[in-house]
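Please look at the sequence and the structure before reading on.

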Amino acid sequence: MAVSMRDLDPAFQGAGQKAGIEIWRIENFRPVPVLKSSYGKFFTGDSYVILKTTALKSGALRHDIHYWLGKDTTQDEAGVAAVKTVELDAALGGRAVQYREMQGHETEKFLSYFKPCIIPQEGGVASGFKHVQEEEHKTRLFVCRGKHVVHVKEVPFARSSLNHDDIFILDTKSKIFQFNGSNSSIQERAKALEVVQYIKDTYHDGKCEVAAIEDGKLMADAETGEFWGFFGGFAPLPRKTASEEDKTVESHPTKLLSVEKGQAEPVEADSLTRELLDTNKCYILDCGLEVFAWMGRNTSLDKRKTASGAAEELIRGSNRPKSHIIRVIEGFETVVFRSKFESWPQAINVAVTEDGRGKVAALLQRQGVNVKGLLKTAPVKEEPQPYIDCTGNLQVLRVNGQDKILLPASDQSKFYSGDCYIFQYSYPGEDKEEYLIGTWFGKQSVEEERVSAVSLASKMVESMKFMAAQACIHEGSEPIQFFSIFQSFIVLKGGLSDGYKNYIAQKEIPDETYSEDGVALFRVQGSGPDNMQAIQVETVASSLNSSYCYILHSGSTVFTWAGNLTSPDDQELVERQLDIIKPNLQSKPQKEGSESEQFWELLGGKSEYPSQKISREPEGDPHLFSCTFSKGNLKVMEIYNFTQDDLMTEDIFILDCHSDIFVWVGQQVDTKNKLQALTIGEKFLEHNFLFENLSRETPIYIVMEGSEPPFFTRFFTWDSTKSTMHGNSFQRKLTIVKNGGTPIVDKPKRRTPVSYGGRSSVPDKSQRSRSMSFSPDRVRVRGRSPAFNALAATFENPNARNLSTPPPMVRKLYPKSGTPDSATKSATKSSAIAALTATFEPPKAREAIIPRSVKVSPPAPKSTPEPNSKENSISSRLESLTIQEDVKEDEPEDEEGLPIYPYERLKITSTDHVSEIDVTKRETYLSSEEFKEKFGMKKDAFYKLPKWKQNKLKMALQLF
């Protein structure tokens, strides 16, 4: 599409050159830039153009353009905003996706730019800005809808506006009330609290009280009474009446229309396919709530404006819901648009050149405008970082049928392609010991042993109360974290397991299992001593590659081969790997192009071989999805511009960064769904939701809330205190809002910074060197973490125990700690894990390890447990530990760790009220004895009663 200077509005010159948001308001039919300090502030009488520029990992810039129309904007202003959006797209090279945003019906993507919400103000430029700030605070009522982003709308301040399905915010001069409709979800309530915080900060300078009102709660609560007082007293709420907002499209058939001379004509076809779209035309795809305008690459600017007008005309029809118009350009269609077609090829060969963008850039350059951002920036090529401390403790177990065999330290980095393995890794985290339990599937491994490996690993994670992250890894698709943990990793042909042996016997396949005395060829790869691999390949010349070095051996004869494209660093890795594969033998170095006859004879003669480096899946731009998994069906919804606050403790989310996927599981997810996390990850790879052709062998990490590893948290601005708070999403958020925006968790901070390169950045004599020893007599052996020793006692065969492994050692994670007093305060969950080990030791050792802040109840038996006894699993050990991080000192506690108060202080009529308690659960703060005395039953019996019966008993005791 040719672009001339007359198509470019001066206000758009230089736009979209760097990542961020830019906003223009339509004033006198021209776009005028809005000051950054006013971003997020919209007036109901105005129209705006919003440009969101995103820098992708590929180095390219992606543009999304939205035009927002206030409910009172004029038809002329709205028309100008629509046309200017098309012009801005043309100025950016004609690749942007364009969205029409109606006030009150904005897309989730648009609202995600202005979290937590937008609250449009009355007035506008056309009305002479009659929106001066009022002196007196006006009491207002807002309705909030949405689980991931919140649509906020002001409604009449009257009881008739309230209902049981939604959440309402009443903003008064001295207090903000959030009314939670009884049918609203916990997640919606939590998100609405973010709006409360926004109103508190924006309209009250952060200084006012906040109260949460539960629908159906009677007048006994003081704040509930105060809330209903604004509405003239309590009265039952009417049923919700269907409004314009609630209209849904009932099974709207998807229709494709071709735009000819300003008119949209239906396209007759049995099914929707990509072939129906002509690059010289514009089309409208009517999906009901969403109307797409598709622009062919060869269409003119005028044709595109005409197509946009036709789409606007279409949605003005009667009996239509408020639809979004989304304009897409050929070759840059959104995932949602492509998903509407029965067949959409993975790659369309559109003649996409830098032509349009280059012409615009040249024109702007003549005017002295910096055009660097209009052109594709060079991708930054960086060596991927592991983002994990590589100085931890490693154990490896090989799966054999339904059992697993612990490998000695000298063999734990040698894997066979026909086998499955489980690895257990513990390492120092931010403030506690972190755990990673993973499975590795060889390419030739049998299905039965893969299933067995996953089952055994899942049981180990479950027995640790889901405190460990879990990984599922396939040979050939290993992530950088895996290689960094192992440092030196060797993959051998064949297998040792019974499953593999039986399989090749049944299929009558020759056994290729590696033999030290046989002929073998290894490809050596990696980035350095802390990340190097030797992969056994077919012993033929076609297995060679000019970009790699190789080791070839036949008995005691050893050759090393260096490709012409290798570096001295690559050749050094060969020497290191040779020391492991064939120690104490002199090798015969071979340079590509000057090999000996004996070398070629061992490979069966010369042949063609490649020279290009084997590419690994690069990390892509991360996408976050919320997941709903029911009856084997997975549904996902993308969360745009995500933050840590989008991870709700009741839900499961998937973070997709192309090279790996992470399944994040909230603490409040039930155990049944937690155990389905791997299945959810596999379903996600199978469905290919982003049309990105993810391999079914992409590494899957399962991450539990509260135990997020650093290679997951790096995608967020992470606050670890948030994931260690107690309660559901709403209760946590309410605590934060009431305490001025900071989570109340007493957590120790890290004392020793970690260098993810593999060594502690603070010198420590106890830290073992991580470089590989060249001498076979000095094979590096890691210590085993105390918790994993306990774990091994449950899962290992005692006869297969590795006698060469050093005894358990509780490592001092923070060698430079502060005063003895600060050390006492910093008792963490890692202390609990240390205590867990102590239950396997003599009582004296246990007393020395358990810090004061960890309660052990009941005392562990002194007799030594039987190794194979299920009753003595790590699960039961962990259940005996109660970790309390937020109970005040010198305060009595019950069995659940809650502070205890006398009944007389907990009563509603008490003159000596207890502050800082959950007033909806006053009974929980009674001691067990007093609870039984007042209610005539124990707590567990009480909580089995129906909710109405609980409330009736509480009312009788003035606790409700």
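Two residues are in contact here when heavy atoms of theirs lie within 4.5 Å. In this predicted model, Asn564 touches Ser546 and Glu592, leaving aside residues up to four places away in sequence. Asn564 sits in the loop between β26 (557-562) and α11 (568-581). With a relative accessible area of 53%, Asn564 is exposed. Asn545 is 19 residues from Asn564 in sequence, and their C-alpha atoms are 9.2 Å apart in space.

**The chain as a whole**

The chain has 25 helices and 34 strands. Of its 960 residues, 51% count as buried. Among contacts in the chain with a separation of 6 or more, 67% are between residues 24 or more positions apart.

**The sheet of ten strands**

Ten strands make an open sheet with mixed pairing, in the order β2-β1-β3-β4-β5-β15-β14-β13-β11-β12. Its edges are β2 (30-33) and β12; each has a single partner strand, so one side of each is left without a neighbour in the sheet. On average, neighbouring strands of this sheet are turned by 25° against each other, direction ignored.

Within this sheet, β4 and strand β5 (residues 97-102) run parallel and are joined by six bridges. Tyr67 has Arg100 of β5 as its bridge partner. His63 is also found in strand β4 (residues 61-69). His63 counts as buried, at 6% relative accessibility. A polar atom of the His63 side chain lies 3.0 Å from the backbone oxygen of Gly16.

Leu257 is paired with Pro266 of β12. The hairpin of β11 and β12 has two residues between the strands, and Lys261 in this hairpin takes a positive phi near 50°.

Two helices lie across strands of this sheet. Helix α1 (residues 75-91) lies across β1 (20-27), β2, β3 (47-55), β4, β5 and β15 (324-329), and runs at about 25° to β3. Helix α5 (residues 301-315) lies across β4, β5, β11, β13 (282-286), β14 (290-295) and β15, running at about 25° to β13.

**The sheet of seven strands**

A further open sheet has seven strands in the order β18-β22-β24-β23-β25-β26-β27, again with mixed pairing. Here β18 (414-416) and β27 (588-591) are the edge strands; each has a single partner strand, so one side of each is left without a neighbour in the sheet. Neighbouring strands of this sheet are turned by 20° against each other on average, direction ignored. Strand β23 (residues 519-528) and strand β24 (residues 531-537) run antiparallel and are joined by seven bridges. Ile535 in β24 is the bridge partner of Arg523.

| Strand pair | Direction | Bridges | A bridge pair |
|---|---|---|---|
| β4 and β5 | parallel | six | Tyr67 and Arg100 |
| β23 and β24 | antiparallel | seven | Arg523 and Ile535 |

**Two helices**

Which residues of helix α16 (residues 729-738) are buried? They are Ser729, Phe730, Arg732, Lys733, Leu734, Ile736 and Val737. Because seven of the ten residues of α16 are buried, the helix is largely enclosed by the rest of the structure. The cover over these buried residues includes β9 (175-180), α3 (186-203) and β10 (209-214). The N-terminal end of α16 is capped by Asn728, which has a side-chain oxygen 3.0 Å from the backbone nitrogen of Phe730. Just after α16, Gly740 has a positive phi of about 75°.

Helix α8 (residues 447-463) has 17 residues, which should span 24 Å at 1.5 Å a residue; its end C-alpha atoms are 24 Å apart, in agreement. The buried residues in α8 include Glu449, Arg450, Leu456 and Met460. Lys465, which follows α8, has a positive phi near 60°.

**Cysteines**

The structure holds zero disulfides. Cys117 is in no disulfide, as the nearest cysteine sulfur, that of Cys144, is 7.3 Å away, and a disulfide needs two cysteine sulfur atoms within 2.5 Å. Cys117 is buried at 4% relative accessibility. Cys287 is buried too, with a relative accessible area of 14%.

How values were computed
Residues numbered from 1 in each chain as written. Predicted model: local features only at pLDDT ≥ 70, side-chain atom pairs only at ≥ 80, totals over all residues. Heavy atoms only, no water. Buried < 20%, exposed > 50% of the residue type's maximum accessible area, 1.4 Å probe, protein only. Helix = DSSP H or I, 4+ residues; strand = E, 2+ residues; numbered from the N terminus. Polar contact = N/O pair within 3.5 Å; in protein donor to acceptor, adjacent residues only side chain to side chain. Pairing = 2+ DSSP bridges. Expected span 1.5 Å × (residues − 1). Axes fitted to C-alpha atoms, helices over the stretch in contact; angles between N-to-C directions.
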